[in-house]
Amino acid sequence: MDFLYIKALHIIFVITWFAGLFYIVRLFIYHVEAESKPQPDKQILQTQYKLMSKRLWYIITWPSAILASFFAFWILYKNPYFLTMPWMHVKLTFVLALYFYHYSCQRIYSQLQNDVIKYSAFKLRIWNEVATIILFAVVFLVTLQSAINWIWGVVGIVVFGIVLMLGIRLYNRIRSKKS
């Protein structure tokens, strides 16, 4: 029975980890967009986004990443046979990619906290979709428990992401023409 509690806690912290990753990049976008605002709006907005980012990053996102990993290791400890399954190897590869994504967000976070803006809002919108692709891949892997069938789900989300990005570009063009 304790295995189900561990699994439930793992799922909860994975959800809060992804929620933090999705929202932090949205705050990055707002921070970058505030750069073009006149003073004092720019200063007020960027100060607020820095505070919101700091709280989100260190109170929700990082603890969730650590706890999700802790419970994942506990699950693997209690059920080491998972490590013999090919789909789990693919899943762990995506989890590793998620950690690289998290680390990259940490770098962007640190840059913005120091008023260094290296990315456009558009690039950050695209960057935000990387976490979505990882999420889809992992959910399909865990649900289907197949090392191959998850590909169709990821292909679908990539196509959806491309259509979404084209829609964002079209929206930006329409918005800039009206300005």
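How many aromatic pairs does the structure hold? It holds 15. Before the details, some ground rules. This is a predicted model, where local features need pLDDT of at least 70 and side-chain atom pairs count only at pLDDT 80 or more, while totals for chains, interfaces and linings use all residues. Residues are numbered from 1 along each chain as its sequence is written, and side-chain values use heavy atoms, with hydrogens and water left out.

Back to the rings. A pair of aromatic rings is described by the distance of the centres and the angle of the planes. Here, rings of Phe, Tyr and Trp (its six-membered ring) pair if their centres lie within 6.5 Å. Planes under 30 degrees apart count as stacked, over 60 as edge-to-face, and the rest as tilted.

Take F71 and W74. Their ring centres are 6.1 Å apart and their planes sit at 15°, so this pair is stacked. Both residues lie in helix α2, residues 41–78. They are 3 residues apart, about one turn of the helix. By helix I mean a DSSP run of H or I with at least four residues; strands are E runs of at least two, and numbering goes from the N terminus.

Is F71 buried or exposed? The cut-offs: buried is under 20% relative accessible area, exposed is over 50%, and partly exposed is in between, with a 1.4 Å probe and protein chains only. F71 is buried, at 8% relative accessibility. W74 is partly exposed, at 35%. Ring pairs also link F13, F70, F71 and W74 into a cluster.

Next, charges. Side chains of opposite charge can pair when their charged atoms come close. A salt bridge here is a side-chain nitrogen of Lys or Arg within 4 Å of a carboxyl oxygen of Asp or Glu. By this rule the count is 4 salt bridges.

One joins K78 and D2, at 3.3 Å from N to O. K78 is in helix α2 and D2 in helix α1 (residues 2–34), 76 residues apart, and the pair links distant parts of the chain. K78 is partly exposed at 37% relative accessibility. D2 is also partly exposed, with a relative accessible area of 42%.

Another joins E33 and R125, at 2.8 Å from N to O. E33 lies in helix α1 and R125 in helix α4, so the pair ties together parts 92 residues apart in sequence. E33 is partly exposed at 30%. R125 is buried at 17%.

Then D115 and K50, at 2.6 Å from N to O. D115 lies in the loop between α3 (86–113) and α4, and K50 in helix α2, so parts 65 residues apart in sequence are tied together. K50 is buried, with a relative accessible area of 19%.

Now helix α4, residues 121–144. Buried residues in α4 include F122, L124, R125, I134 and L141. Just after α4, Q145 takes a positive phi of about 50°.

Last, the surface. I151, W152, V155, V159 and V163 form a nonpolar patch there, with about 490 Å² of accessible area together. V163 lies in helix α5, residues 150–178. V163 counts as exposed, at 53% relative accessibility. Patches take residues with over 30% relative accessible area and no salt bridge; like charges are joined within 9 Å, nonpolar side chains (Val, Leu, Ile, Met, Phe, Trp, Tyr) within 5 Å. Accessible areas come from the Shrake-Rupley method with a 1.4 Å probe, and for residues only the protein chains shown count as cover.
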